Amino acid sequence: MSNLDLQQLVEKISLKYFQKPFKHRAYFNYRLKTTGGRYHLNDHNIDINPKMLNDFGYHILIGVIKHELCHYHLHLSGFNAKHSSPDFIHLLSVVGGSRYAPQPKINRRNLRYVCINCGQIYIRKRRINVRRYVCSRCHGHLKLINN
Ligand SMILES: [Zn+2]
Ligand SMILES: [Zn+2]
C-alpha cells in the first residue's frame, strides 16, 4: 500500500465514520517502532506505522486509522483529544477504533552483539566481522549472543 492509497483510505474512513473530511496528510512512517500511529498537534498530519498493515493486516490498520482520526477531529473541533478524555473514549467506541495498537513483532533476524568489555549491546541486521569491528564506546571485542 502506497502513501497515496493510505491518504485515500484515511479520507474515505473520515467521511464514512466521522461524516467530516480529512483535509491534511496521512503517510506511512517507517521509523515508528511500537506506536501504531500518531496525530501531530502542530501540523494536523497523521503518520501510521506500516507494521500495523504488514504484521497484523487490514482490519488492524483500519482500527488504528480510526483512533488517529478521533484525535484529529476532536482536536480540530476544540474538544479534549487526550486518550483519557470522555470525549475521546466515547467517539472511539462509536466509530469502532482500537484503544491500543498491537505490539509489532520483533524482527527475529536481527542479530545481537555484546561488548565483552563494557556490556554495550549492538543490534545489527547483518552479521559483522567481530575481528574487525570493535565496540565504539570502549574498543572492546564484540560477541554474538543470539542468531
Ligand atoms: Zn492515540
Ligand atoms: Zn565496550
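Me: How much space lies in the second largest pocket?
Reply: This is a predicted model, where local features need pLDDT of at least 70, side-chain atom pairs count only at pLDDT 80 or more, and totals for chains, interfaces and linings use all residues. Residues are numbered from 1 along each chain as written, chains are lettered from A and ligands numbered from 1 in written order, and side-chain values use heavy atoms, without hydrogens and water. On a 1 Å grid over the protein atoms alone, a pocket is an open set of points where a 1.4 Å probe fits, with protein on both sides within 12 Å along at least five of seven lines. Its volume, the space filled by probe spheres set on the points, is about 260 Å³.

Me: Which residues of the lining lie nearest the centre of the second largest pocket?
Reply: Lining residues have an atom within 4 Å of a point. The pocket has 17 of them. Nearest its centre lie His67, His83, Arg99, Tyr100 and Ala101.

Me: Which element gives the largest share of the lining of the second largest pocket?
Reply: Helices (H or I, at least four residues) and strands (E, at least two) are DSSP runs, numbered from the N terminus. β2 (37–39) and α3 (58–76) each supply at least two lining residues. The largest share, 4 residues, comes from α3.

Me: Is α3 mostly covered or uncovered?
Reply: Buried means under 20% relative accessible area (1.4 Å probe, protein chains only). In α3, 14 of the 19 residues are buried. The helix is mostly covered.

Me: What is the bridge partner of Tyr27 in β3?
Reply: β1 and β3 (residues 46–48) pair in the parallel sense over 3 bridges. In β3, the partner of Tyr27 is Asp47.

Conventions: Buried means under 20% relative accessible area, exposed over 50%, partly exposed in between (1.4 Å probe, protein chains only). Two strands pair if DSSP finds at least two bridges between them.
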